[in-house]
Amino acid sequence: MKRQNVRTLSLIICTFTYLLVGAAVFDALESDFEMREKEQLEAEEKRLQGKYNISEDDYRKLETIIMEAEPHRAGVQWKFAGSFYFAITVITTIGYGHAAPGTDAGKAFCMFYAVLGIPLTLVMFQSLGERMNTFVKSLLKRIKKCCGMRITDVSMENMVTVGFFSCIGTLCIGAAAFSHYEDWSFFQSYYYCFITLTTIGFGDFVALQKNRALQRRPLYVAFSFMYILVGLTVIGAFLNLVVLRFLTMNSEDERRDAEERASLAGNRNSMIIHIQEETLGRGGGARRSCGGGMGGGIGGGGMGCAFSHQNSFSSQLNPHQYFHSVSYRIEEISPSTLKNSFFPSPISSVSPGLHSFTDNHRLMKRRKSI
Amino acid sequence: MKRQNVRTLSLIICTFTYLLVGAAVFDALESKKEKTQKKKVYDRKQELMNTYNLSQFNFDELERVVLQLKPHKAGVQWKFAGSFYFAITVITTIGYGHAAPSTDGGKVFCMLYALLGIPLTLVMFQSLGERINTLVRYLLHRLKKCLGMRRTEVSMVNMVAIGFISCMSTLCIGALSFSFFEGWSFFHAYYYCFITLTTIGFGDYVALQKDHALQTNPKYVAFCFIYILTGLTVIGAFLNLVVLRFMTMNSEDEKRDAEQRALLSRNGQAGGGVGGAGRGLRNVYAEVLHFQSMCSCLWYKSREKLQYSIPMIIPRDLSTSDTYMEQGEAFSSDPLHPLHSNGCICSMHHPHSAISSVSTGLHSLTPYRLRHSKRRSSI
């Protein structure tokens, strides 16, 4: 089966298993507490009903009123500050729900607003995140130079470590700030920051809802907004570093497959054919001899040879092995070679972009599979 | 200023402006109703308090109990079905909040669960979305062939149109179902589906909360779960088609810059001397362009032979994605650049232009003009 299909199927199975496991664990953790709390609250309800002598009907009415009054408890939600807060929760997809449009016009506008705003925000955070990563990379390089280290290249591990620690740092700063301003425990604040910055946004804890903060404390309001946006940038930068490449994997595999097919079809007419026939009878050693012919007049023909030879084997090798053996070699590329040769386009497809080719042998391998 | 920095700054300014405009409009739409509703509720509350002679303190007590009982009234939230529902809202980042972990252990597990689950889900939806796009593209190509159309390639516009229509239909199907099962109006059910499938998840409307549906109506429960996951896949496929390329733009520009720098520095070493440097630079450019032209040449050749177009990622710009489909044919009939036997029109003497080599995939090729490694048109 094609690699992309295997990958996709495995991911689906993984996710379903993950959901089942999660459901089981949440059940185990929360069910008991829920039952107990429900009993307690219902008892309390009965008691209060009796204490104040409220009839059943009236109690229903009271319930309804209290539910309706709930969003108003936290203050005015739709003046400019509150609306800005709401707009943030929409386009970042956090969506607390502490305030939700009551009018139908508000709902309709909310939908249109989200349709444009969410992609804009996604692209913005990824863009800014990538800039941050580049900046951090250059800083780290400078530091390594200053510290007099021998290897000044910044590895992926370095970047991931720095990214991870910035995320934790951001969460802790937020936790400290909100636990102070909102009077939550540190753990609750941390939980709030985490749920917010992963854009889950349950709404069980929401900032700016106490003491009419939206109206009365503009500095705290500004801080909250900045924190949410900056925090999302930091998380976005980390995602850009770690996760984004996986999102494009299938597409790139697909592109490379298509280009291989194209090259196969395209090599029909060239002189490469006779080389192809020669190598059919031989084993893997033929590949090396083809590669050796690079520097001379065959030039790109040799390159195409290496490629098509492997293609001709595709029916004999099983796909997995075939993929493994296809590693595009660009050896000894010199200007003269360039001018006279045909390069199969897969060079650009293996990984996005031109790879700096030097006079030394450079092995361009396919990205390792996941 | 570097292109990536300009792009990033513009995006930031755009987003802030968008927020400000949105805030103003929401203010205008909702403020009045909020005020009147608040007053109404307050009046009714006062009325009830007077009827039962409740002090504010008493009322607060009642209020607390009622609000805390709210999730319980909607049904058992943490048995397996409810937990599964909750797990879905966590890893898809919908996060209604209709049920949220009360215990500290639940909160901790929730955070760890999200840490692993969210990237897994993101990758899964994009992966599946890409597969769906490929399948749709293939089907459309076959359809075009069957209908006997002359050009059987599937353009980006085709794909975007189909993607958009599938999104709308998914929302409408959901709206119909939920308006029936939950007793909401069609508009409210549509709003619910939209808010859910964009993973905003306010929680003002939540399915499976009426009549203890989680416990008593397993078929409806299954439908809800499948709807949410399928709907997210459809949206994910559309995002994969339209938005994903923009998220990788900066990285690719950065990579291309780095390679050009490497090329330049390499040639700088080889050329030697100040006088040679200028020439060396031009040589480098010529080489790069030539190399690019070779790639594009072969690319073009291969395109003609291709059964159906290369899937997604980064056409040069969406507006030209249709036009270069035709350029392939236009080339072959051009007298100035006769075809070689293998169909390639590359000329050794005129360096063709303009393939930003880095952006993998489809490039629009414009001959007769020398463009120095023109970057992807900016957004």
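Trainee: Why is K2(A) called partly exposed?

Mentor: In this predicted model K2(A) has a relative accessible area of 31%. Buried means under 20%, exposed over 50%, and partly exposed in between, using a 1.4 Å probe and protein chains only. The value of 31% lies in between, so K2(A) is partly exposed.

Trainee: And what makes E254(A) count as buried?

Mentor: E254(A) has 2% relative accessibility, which is under 20%, so it counts as buried.

Trainee: How do you know that K2(A) and E254(A) meet in a salt bridge?

Mentor: The rule asks for a side-chain nitrogen of Lys or Arg within 4 Å of a carboxyl oxygen of Asp or Glu. For K2(A) and E254(A) the N to O distance is 3.2 Å, so the pair qualifies. This pair links distant parts of the chain, 252 residues apart: K2(A) is in the segment before helix 1 (3-52) of chain A, and E254(A) is in helix 10 (residues 249-266) of chain A. Helices here are DSSP runs of H or I with at least four residues, numbered from the N terminus.

Trainee: Which salt bridge joins E254(A) to R131(B)?

Mentor: Their side chains meet at 2.5 Å, N to O.

Trainee: What does R256(A) do in helix 10 of chain A?

Mentor: R256(A) forms a salt bridge with D253(A), with the closest N and O atoms 3.2 Å apart, and another with E260(A) at 3.7 Å. D253(A) lies 3 residues from R256(A), about one turn of the helix, while E260(A) lies 4 residues from R256(A), also about one turn.

Trainee: Why are these three called buried or exposed?

Mentor: D253(A) is at 6%, R256(A) at 4% and E260(A) at 6%. Each value is under 20%, so each residue is buried.

Trainee: What makes a set of residues a nonpolar core?

Mentor: A nonpolar core is a set of buried Ala, Val, Leu, Ile, Met, Phe, Trp, Tyr and Cys residues joined through side-chain atoms within 4.5 Å. The largest one has 118 residues, and Y85(A), Y192(A) and F178(B) are among those with the most contacts inside it. Helix 8 (residues 218-242) of chain B gives the largest share of this core, 10 residues. A second, separate core of 20 residues includes I66(A) and V41(B).

Trainee: How is the interface between chain B and chain A described?

Mentor: The contact, meaning heavy atoms within 4.5 Å, takes 149 residues from chain B and 152 residues from chain A. The buried area is about 14200 Å², of which carbon and sulfur atoms give 72%. Buried area is the accessible area (1.4 Å probe) that two parts lose on being put together, summed over both.

Trainee: How should I read the numbering and the limits of the model?

Mentor: Residues are numbered from 1 along each chain as its sequence is written, with chains lettered from A and ligands numbered from 1 in the order in which they are written. As the model is predicted, local features need pLDDT of at least 70 and side-chain atom pairs pLDDT 80 or more, while totals for chains, interfaces and linings use all residues, and side-chain values use heavy atoms, leaving out hydrogens and water.

Technical notes: Helix = DSSP H or I, 4+ residues; strand = E, 2+ residues; numbered from the N terminus.
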